[in-house]
Amino acid sequence: MAPTNEKQKLEIAKALEQNELKVGDKGYLLSFRWFSKWKKVTGFENEEIDPEIKLGEIDNNHLLDKDQIKITIMDNYDYICIPEAVYKLFFDWYGGGPEITVEMINSPATNTPVPLIIKWHLKIIFSDQEFEILTNRYEYVRDIKKRACEHFGINSDATYLVDYWNKNVLSIFRDDFYLEQCYIINTQEILLKLKTDNRNTSSRGKFTISRTNSSMSSGITPIIATPQTLGHVGLDNIGNTCYINSSLQVLAHTELLFQYFESGLWRRELNEQNPKGTGGIVAHQFAQLINDIWTKKQKVISPYDLKNSIGKFHPQFNNSQQQDSQEFLLCLLSDLSGDLNRVTKRCYIEGVVGDGTNDNETADLAWKRHKLLFDSAIVDIFHGQLRTEVKCDECGNKKVVFDAYSSLSIPISKTSLETIRYMYIPADLKRPRYIVKILVSEDQEIDDIFDDAQTRFKAEDLYIFPRDFLSSEFKITASKTVKKIDFYAIERSCSSMQVLMNIVVPKSKVRGQFEVLDGPILIEAPSKSKKLEEIVEEKIKFIYEKSKYPTTDKMRAFEQSLTHSSEIDFKNQKFSIKLNFNSNFDEENDEYGDISNQSIKVILNPEFTKESLGFNWGSLCPLDYGYDGSFPCNQTDYGLEEWIKQMSFPQKLENFNKWFCPHCKKFVNAVVNATIWSVADVLIMQLQRFTQENGEYKKLNVVVDFPTEIDMSPYLVGPQKDKEQKYRLYAYINININHIGTLNGGHYTANIFDSTDESWYTYNDEAVYKASSNTKSSNPYILFYKRIKVVSREN
């Protein structure tokens with residue numbers, strides 16, 4: 001039975017003060033979770049009391065894995081280490097367990113006692129002999145060397161230890177360093193060499209590295225394991241971890257990243273003090289995993305330790321629920337970049353903002369400042385730059401920023417496309433009008449229609465009018481026979497000022513109203529040399545000429561229904577002209593510069609619309625529906641290149657998403673446009689396969705044809721656009737969605753190209769097998785491309 005809270009606090013404080021742990025003592029591990037709850041129950045160390053907390057018995061089970069202490073647990077995160085007397089008090093009051101004891105050893109880094117949690121197994125190789133030694137990260141090199149020499153029966157003073165990472169003879173370990181300073185990892189091999197034999201060794205600090213954005217060199221030629229026997233290793237699915245396994249497999253087979261870790265250079269650049277990293281924990285675990293994949297002849301290994309380590313810093317992965325492979329990938333790359341950051345002194349760096357007039361200078365400065373904060377192999381291999389421009393709708397003020405990225409997010413949602421119908425009206429009205437249904441991009445409708453009509457109809461010069469704009473601005477409407485038209489693509493009739501017109505007849509029983517027969521039509525604006533009546537007569541003479549379009553019975557019935565309108569004085573002419581506005585023909589429209597603000601109705605005289613007089617009703621607005629079907633005529637399964645273009649389409653900032661303009665000093669409507677400024681050596685592209693509906697993510701089953709090789713230069717806006725930027729596909733991650741169709745209900749696999757036998761392999765958790773000859777997938781989610789190096793013949 002536990003005493004009162006006050007008595008518990010006094011007894012624990014007294015026991016801690018009187019039983020300070022020393023080197024050689026036996027320490028007891030206590031769950032940090034449980035201890036934190038106890039503090040909130042009792043108010044220990046001025047902790048605010050939470051009456052809602054129910055404190056049960058001690059539970060240390062999460063510190064163990066199969067009765068062994070987990071090697072990934074962290075002090076003051078997973079556990080605290082306390083003296084025996086303190087643990088006994090807690091146990092007497094609350095019970096539980098299990099009891100976990102550890103040896104207290106001295107930490108050379110702080111000269112204080114620390115619990116020995118992890119015991120390392122190292123293999124010492126001398127000549128053709130091997131000796132496995134059990135040690136810890138605080139043991140000095142000289143002591144390990146002494147134990148090894150005693151085993152081999154040689155003089156310790158005549159030897160030295162050499163780093164033998166991944167079968168590479170690297171650098172000599174200093175005797176006065178302890179293992180943690182040498183950046184050794186568990187299960188590593190170390191060479192024991194005689195001082196008379198100093199071949200193939202180097203000293204710490206002799207590495208050279210180029211820290212450009214596109215190349216790295218350590219001065220070491222790595223020994224690459226043969227993928228036919230090594231590297232084809234499955235990863236255990238330890239509870240819905242296919243999203244982790246697929247990402248890890250691709251990174252382990254990313255050549256530049258593998259070479260960096262395989263060479264051992266990562267240990268020279270490890271930055272355990274970086275607050276933006278994980279204290280080196282994730283980098284160590286990732287290096288261990290790569291080492292196991294490429295050196296151990298096992299069919300399957302477990303990523304448990306790495307998952308557990310990442311879960312400490314990203315709680316969303318610290319469970320057995322399905323997560324997003326892309327999110328995990330970015331978190332892992334961020335953690336690795338933090339752990340391997342070459343920047344040791346943090347400083348405040350102001351952002352760089354441009355106005356679009358000096359992009360090259362702004363981008364270079366932004367990149368330099370990025371490298372002052374984040375300078376790692378991850379940045380060298382994966383980071384490029386995006387250019388983002390925001391433009392105020394009111395004053396035109398621009399803000400341009402350049403941000404680093406490690407992955408491009410490519411929209412493939414057809415919500416970014418819409419289906420529209422437009423009517424093509426040629427300058428020669430003897431030709432038919434065409435109704436076309438196509439897919440266009442939101443906010444880019446006019447450009448897309450212009451491109452489509454120009455290509456489809458070989459039209460040189462076009463005006464694109466939204467239907468509602470014609471109606472509101474020009475009082476121009478379409479015939480009833482033409483329904484659901486969204487836009488009109490009208491070919492210019494001349495190079496001078498143009499006027500819009502409709503051809504109409506008076507309605508039989510409604511005074512002042514007209515039935516539209518044809519239009520909108522563009523005609524030349526009147527001038528001193530040419531009267532309006534002459535221009536109109538020339539334009540509409542086609543309806544009195546022979547045509548291949550016959551007059552139907554329905555048209556004849558309509559003709560019979562027409563009666564002469566007494567309110568219109570035709571003066572015995574074939575037509576009359578009515579102006580829609582009280583303005584001059586030379587007044588230009590604000591939106592369409594060489595279109596007159598004036599528009600007209602050409603009213604046909606029913607006395608002259610008789611078939612017997614040569615009038616041809618079939619010539620009015622002849623329609624060709626050849627392009628209008630069940631599906632948009634330009635609908636295809638878009639290739640990756642088309643979707644990359646979609647990424648750079650402008651987006652509107654309006655309503656609740658307005659932009660604060662520093663010039664206008666208020667929130668305004670604006671247009672934002674993101675484009676790719678530069679690309680790195682490895683290019684990751686995530687296809688946005690998920691959209692949110694009613695708070696739940698749904699998959700977009702869009703077929704995307706992705707090429708084996710791609711030139712990125714057409715999609716760049718920075719200096720790299722002037723040269724080929726060719727990439728080759730080396731891996732992709734699939735996601736296969738179950739019948740639920742949600743983000744949390746699918747299965748991730750990786751397909752990776754093996755250049756040794758020129759084959760694709762599928763990595764499906766524990767299973768690794770050669771893929772079929774058809775490498776294309778209908779469900780690619782993340783694509784991985786590597787730059788194709790162009791080497792001159794001289795090199």
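Residues are numbered from 1 along each chain as its sequence is written. In this predicted model local features need pLDDT of at least 70, side-chain atom pairs count only at pLDDT 80 or more, and totals for chains, interfaces and linings use all residues, while side-chain values use heavy atoms, with hydrogens and water left out.

**Exercise 1. Describe how helix 8 packs with helix 9.**

Step 1. Locate the elements: helix 8 covers residues 281–295 and helix 9 covers residues 304–313. Helices (H or I, at least four residues) and strands (E, at least two) are DSSP runs, numbered from the N terminus.

Step 2. Read the geometry. The two helices pack at an angle of about 160 degrees, and their axes are 9 Å apart. Axes are lines fitted to C-alpha atoms, for helices over the stretch in contact, and angles run from 0 to 180 degrees between N-to-C directions.

Step 3. Classify the angle. Angles under 35 degrees count as roughly parallel, over 145 as roughly antiparallel, 65 to 115 as roughly perpendicular and the rest as oblique. Helix 8 and helix 9 are therefore roughly antiparallel.

Step 4. The term left-handed applies if the near helix is turned anticlockwise from the far one by less than a right angle, and right-handed if clockwise.

Step 5. List the contact (heavy atoms within 4.5 Å). I281, V282, Q285, F286 and L289 of helix 8 meet D305, L306, S309, I310 and F313 of helix 9. By class, this contact of helix 8 with helix 9 has 7 nonpolar, 2 polar and 1 charged residues. Here Ala, Val, Leu, Ile, Met, Phe, Trp, Tyr, Cys and Pro count as nonpolar, Asp, Glu, Lys and Arg as charged, and the others, Gly among them, as polar.

**Exercise 2. Describe how helix 8 packs with helix 10.**

Step 1. The axes of helix 8 and helix 10 (residues 325–339) come within 8 Å and cross at roughly 110 degrees. The two helices are therefore roughly perpendicular to each other.

Step 2. The crossing of helix 8 and helix 10 is left-handed. I281, V282, A283 and F286 of helix 8 make the contact with L332, D335, L336 and D339 of helix 10. By class, the contact of helix 8 with helix 10 has 6 nonpolar, no polar and 2 charged residues.

**Exercise 3. Classify the ring pair of F131 and F152.**

Step 1. State the rule. Rings of Phe, Tyr and Trp (its six-membered ring) pair if their centres lie within 6.5 Å; planes under 30 degrees apart count as stacked, over 60 as edge-to-face and the rest as tilted. A search of the whole structure finds 37 aromatic pairs.

Step 2. The ring centres of F131 and F152 are 6.2 Å apart and the planes stand at 80 degrees, so the pair is edge-to-face. F131 lies in strand 10 (residues 129–135) and F152 in helix 4 (residues 141–152), 21 residues apart.

**Exercise 4. Locate two cis peptide bonds and a positive phi.**

Step 1. Most residues other than glycine have a negative phi, and most peptide bonds are trans.

Step 2. The bond from G97 to P98 is cis, with omega near -5 degrees. P98 lies in the loop between strand 6 (96–97) and strand 7 (101–107).

Step 3. The bond from G519 to P520 is also cis, with omega near 5 degrees, and P520 lies in strand 23 (residues 514–524).

Step 4. N46, a residue other than glycine, has a positive phi near 60 degrees. N46 lies in the loop between helix 2 (32–42) and strand 2 (58–59).
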